[in-house]
Amino acid sequence: MTSLAPRTRPRRTDEPARIPQRDSSKLGYWLYLIPGTLLVGLVIFYPIVRNVRLSFFHWRGGRAEEHFAGLDNWIALASDHEFIQSFKNIFLVIIAMVIVPTLLGLIIAALLFDVVGRRFGARLSSFLRATYYLPQILPIAVAGVMFSWILKPNSDGVLNQFLSVITGSTVEVNWLGGQYSTAMASVMVLMIWIQLGYPVVIFMAALQRVDPQLYEAAELDGANWYQRFRAITLPMIQPEVFVVALTTTIAALKVFAPVFILTNGGPSKSTYVPSYYAYEEFIRGTDKGYAATIASAITLVVVVVAIIFIRVQNRAERKEA
Amino acid sequence: MTAVAQAPTPVDTTAPTKNRARPRTATEWILLIAAILGALAIVFPMLLLLLNAFKSPADYANSGPLQLPEKLDLTGIRTFWETQNFPRALWNSVFISTMVSLIAVVVSVLNSFAIGIGRVRGRTWIVLIFLMANLVPQEMLFDPLFKLYDKIGLLSNPWSVILTFVVIQSAFGTYLLSSLLGTFPKEILEAASVDGATRGRVLRSVIVPILRPTLSVLMVFFFIWTWNEFLLPLAFLNTSDSLTVPLLLEQLNGERQTDTTTLIAGTLISVIPTIIFFLIFQRTLTRGITAGAVK
């Protein structure tokens with residue numbers, strides 16, 4: 001309270017913003033981290049520690065005793081057919097949640113921005129963008145129920161009725177419960193439907209950063225649309241492509257709800273994804289230690305993938321600089 | 001839907017007017033139709049709901065899903081309304097999502113004040129620790145948290161979900177605001193300090209007002225993300241009084257005796273709140289998604 005003037009401190013030009021302090025310690029700032037740290041410790045790190053510890057035990061749950069298992073669970077996991085199948089499905093999930101939406105998103109964003117926005121009016125393009133984004137804010141449970149209604153087996157289902165009308169003969173495909181291929185394909189279609197709007201919106205925002213003069217110059221030089229897209233658009237919006245790829249890959253590795261709602265992992269566990277497997281083992285399994293091992297393994301994979309992505313990004317940024 | 005169309009976007013500024021002078025080519029018309037067909041494919045399932053929610057059970061059984069209802073029939077909607085406590089679920093969802101968005105924004109601001117302005121030591125690691133909340137799959141959390149909330153009597157209490165999602169949502173908020181505040185103009189902070197403002201005062205009267213637009217975007221996002229959550233609410237909320245909208249619908253879907261028209265009507269009603277937020281927040285939303293993408 002006594003001295004109002006900031007102390008003179010040696011200051012580098014790149015020094016970040018800082019409130020000049022009356023005392024030189026930064027202790028005061030740590031106080032602001034207390035609520036957040038307590039919360040994240042309780043809700044995130046307490047479960048992580050408990051589950052990682054549990055992965056070295058056998059435990060039936062409830063009041064049963066825990067038995068130390070060493071690496072048993074982890075060794076069993078490595079040769080667990082269901083776990084491996086669930087990880088194979090993750091590649092299909094990545095196709096449906098990362099690759100297809102990113103590629104389609106690039107095309108749709110370019111289409112809406114370049115053609116619809118510039119030639120037919122910004123209002124129409126922003127309306128269409130909003131429509132593509134709508135499934136992103138729909139609760140996934142609601143979307144799932146909607147899709148399972150459409151995909152009902154027997155002649156009851158919307159899709160079956162639809163196909164019956166087109167083909168002229170009764171179609172009764174059990175899309176979700178019949179066989180692996182149609183069940184997994186249905187889950188993937190739902191994922192693409194949900195995910196598509198996210199890259200569309202991000203890429204369209206990115207396109208607005210690109211200087212329109214670049215395009216005009218390229219146009220004058222006689223570059224066609226595809227050449228402009230490859231030479232200007234793609235390099236300019238690369239950071240956004242990266243962010244979309246990172247966030248959707250992490251979401252794909254953790255995916256749970258679409259499988260839970262559409263197929264319940266069936267038919268005969270073929271559409272299991274790792275998260276669903278962990279959930280099932282926690283709820284119905286006989287060894288919660290094993291369930292904790294599955295969950296810990298997923299966590300490990302997600303963290304490793306996130307670190308790799310961020311490293312690659314940092315390296316790319318350094319190269320540019 | 002007009003509100004969506006009327007929202008001005010920055011696309012306006014970039015569209016060179018001279019481009020419009022040249023007549024639209026056939027290719028451009030084809031591409032426009034392709035874009036519209038794509039958008040139609042996206043809303044098609046929702047249109048199907050709308051078309052079938054107002055059919056009587058008999059009408060539904062006898063007609064194809066693409067046929068118009070014989071006459072407007074509210075049986076499905078009435079059955080859904082009478083058998084399910086939808087207003088209660090709606091209230092639970094609104095209460096949980098509102099609390100999460102308010103508290104999570106406060107926590108994000110406090111965290112990022114220490115990290116972005118205070119530049120506390122090891123801040124990169126601290127951000128990473130908070131980000132763990134976003135990386136960890138929810139199966140990792142649900143069993144230990146279930147026991148924890150059971151022990152302290154929070155099961156089937158909305159606060160179990162609120163507490164959990166405050167942490168999960170504020171991870172993103174902390175990350176975003178920390179990088180924003182890292183570049184906060186120091187002249188403003190120095191001026192406030194010269195005027196004798198304490199740290200808490202600077203945060204309240206200088207930083208929060210300047211951040212307000214970003215904070216409101218964050219709040220909208222936290223609200224919708226929490227609204228849509230499924231697994232952890234499913235684990236923690238077990239009484240019929242505590243269900244959220246997605247849980248209510250999922251439960252209805254699981255009941256064998258549920259009549260199809262009731263289910264369709266329930267789905268349609270569950271979509272309505274989402275459409276309302278969407279119309280209200282359309283502009284904030286699109287601004288917000290891009291806020292997180294690239295610093």
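**Helices, chains and one residue**

Q: Is the crossing of α7(B) and α10(B) left-handed or right-handed?
A: Helices here are DSSP runs (H or I, at least four residues), numbered from the N terminus. A crossing is left-handed if the near helix is turned anticlockwise from the far one by less than a right angle, and right-handed if clockwise. The crossing of α7(B) and α10(B) is right-handed.

Q: How many residues of the contact of α7(B) with α10(B) are charged?
A: Asp, Glu, Lys and Arg count as charged; Ala, Val, Leu, Ile, Met, Phe, Trp, Tyr, Cys and Pro count as nonpolar; the others, Gly among them, are polar. The contact of α7(B) with α10(B) has 20 nonpolar residues and ten polar ones.

Q: What do the numbering and the confidence limits rest on?
A: Residues are numbered from 1 along each chain as its sequence is written, and chains are lettered from A and ligands numbered from 1 in the order in which they are written. This is a predicted model: local features need pLDDT of at least 70, side-chain atom pairs count only at pLDDT 80 or more, and totals for chains, interfaces and linings use all residues.

Q: What is the mean pLDDT of chain A?
A: pLDDT is the predictor's confidence in each residue, from 0 to 100. In chain A, 91% of residues reach 70 or more, and the mean is 85.

Q: Over which residues of chain A is the pLDDT below 50?
A: Where pLDDT is low, the predicted coordinates should not be read in detail. The stretch in question has eight contacts in the model beyond near neighbours in sequence. A contact means C-beta atoms, placed from the backbone, within 7 Å. The stretch is residues 1–14.

Q: Which helix gives the most to the side of chain B that touches chain A?
A: In chain B, 89 residues are in contact with 87 residues of chain A. The helix that gives the most supplies 13 residues and spans residues 260–293 of chain B. That helix is α15.

Q: Why does Tyr198(A) count as buried?
A: Tyr198(A) lies in helix α8 (residues 197–209) of chain A. A residue is buried if 20 or more other C-beta atoms lie within 10 Å of its own, exposed if 12 or fewer, and partly exposed in between. Tyr198(A) counts as buried because its C-beta neighbours inside 10 Å number 23.

Notes:
Helices (H or I, at least four residues) and strands (E, at least two) are DSSP runs, numbered from the N terminus. Two residues are in contact if their C-beta atoms, placed from the backbone, lie within 7 Å.
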